[in-house]
Amino acid sequence: PVHDVRKVDITKQTTATVIHGSYSGVADALPDNAVIEIVAVKQGGTTYKKTTDYTFTGGLIDWSPSGDEPAPGSSYDVTYKYITQVVPTDIDERGFSVEGAVEGSLILVDYQWRLPRTDTVSIDRDGKITRIKGMPRRFNPRAVPAPSGQLELAQLTHSWFTDNPTRVNNTSI
């Protein structure tokens, strides 16, 4: 089960209007960081071609190739994909939702989850009841046996899902 969602990074696609620099061959910056792909560069009815008209390097649209380019000082539209951090919605123990991600793209999640665990409940000769926490394990968690001088009463199996509450297994007579 999901315990805590720390960070979610998604790939988004957007179109931004960029103002071309003041001379031919200049490199223009995009408004977002972590741009991973240029989808299209257009001005009016003209669509510019990657490598022939421009290159994409270091987050900049570089107009140094000898192809066509927008007039200095004019604006053009760039459609691109970039990675950004978002806040997930509908978080519960089984997952969450995100909006705005490019369909079929990778979503990076940093989260904590709860491992299943089986605890042991025991009693000593003075009547003191003790819970001994088991070792959390991804598969087949095992209870820690009661120490010498204590009688095991039960085992508590925790799955941490609300629809599957802690299961009590009486192990003593």
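1. A salt bridge here is a side-chain nitrogen of Lys or Arg within 4 Å of a carboxyl oxygen of Asp or Glu. Asp-119 forms one with Arg-117, with the closest N and O atoms 2.7 Å apart. Asp-119 is buried, at a relative accessible area of 0%, and Arg-117 also counts as buried, at 13%. Buried means under 20% relative accessible area, exposed over 50%, and partly exposed in between (1.4 Å probe, protein chains only). Arg-117 and Asp-119 are linked with Arg-131 in a network of salt bridges.

2. A note on the source: this is a predicted model, in which local features need pLDDT of at least 70 and side-chain atom pairs count only at pLDDT 80 or more, while totals for chains, interfaces and linings use all residues. Residues are numbered from 1 along each chain as its sequence is written, and side-chain values use heavy atoms, with hydrogens and water left out.

3. By the salt-bridge rule the count comes to six. One of them pairs Asp-163 with Arg-94, with 2.9 Å between the closest N and O atoms. This pair links distant parts of the chain, 69 residues apart: Asp-163 is in the loop between β13 and β14 (167–170), and Arg-94 is in the loop between β8 (89–92) and β9. Strands (E, at least two residues) and helices (H or I, at least four) are DSSP runs, numbered from the N terminus. Asp-163 is exposed, with a relative accessible area of 55%, and Arg-94 is exposed at 53%.

4. Asp-9 forms a salt bridge with Lys-7, where the closest N and O atoms are 3.7 Å apart. Asp-9 is buried at 14%, whereas Lys-7 is partly exposed at 37%.

5. The largest nonpolar core has 14 residues, and those with the most contacts inside it are Leu-30, Ile-38, Val-41, Ile-61, Val-78 and Tyr-80. Elements giving two or more residues to this core are β1 (2–19), β3 (35–43) and β7 (75–86). The largest share, four residues, comes from β7. A nonpolar core is a set of buried Ala, Val, Leu, Ile, Met, Phe, Trp, Tyr and Cys residues joined through side-chain atoms within 4.5 Å.

6. Leaving aside neighbours within four places in sequence, Ile-38 is in contact (heavy atoms within 4.5 Å) with Leu-30, Tyr-54, Phe-56, Ile-61, Val-78, Thr-79 and Tyr-80. Apart from the core described above lies another, of five residues, among them Val-2, Val-5, Val-8 and Val-86.

7. Ala-34, in the loop between β2 (27–29) and β3, has phi near 55 degrees and is partly exposed at 44%. Thr-51, in the loop between β4 (46–48) and β5 (55–57), has phi near 70 degrees and is exposed at 58%.

8. Met-135 is in the loop between β12 (129–132) and β13 (150–158) and is exposed, with a relative accessible area of 57%. Not counting residues up to four places away in sequence, Met-135 touches Pro-116, Arg-117, Pro-141, Arg-142 and Val-144. The C-alpha atoms of Met-135 and Thr-162 are separated by 21 Å, with the two residues 27 apart along the chain.

9. Ile-107 is in the loop between β9 (95–97) and β10 (108–113), and is partly exposed at 35%.
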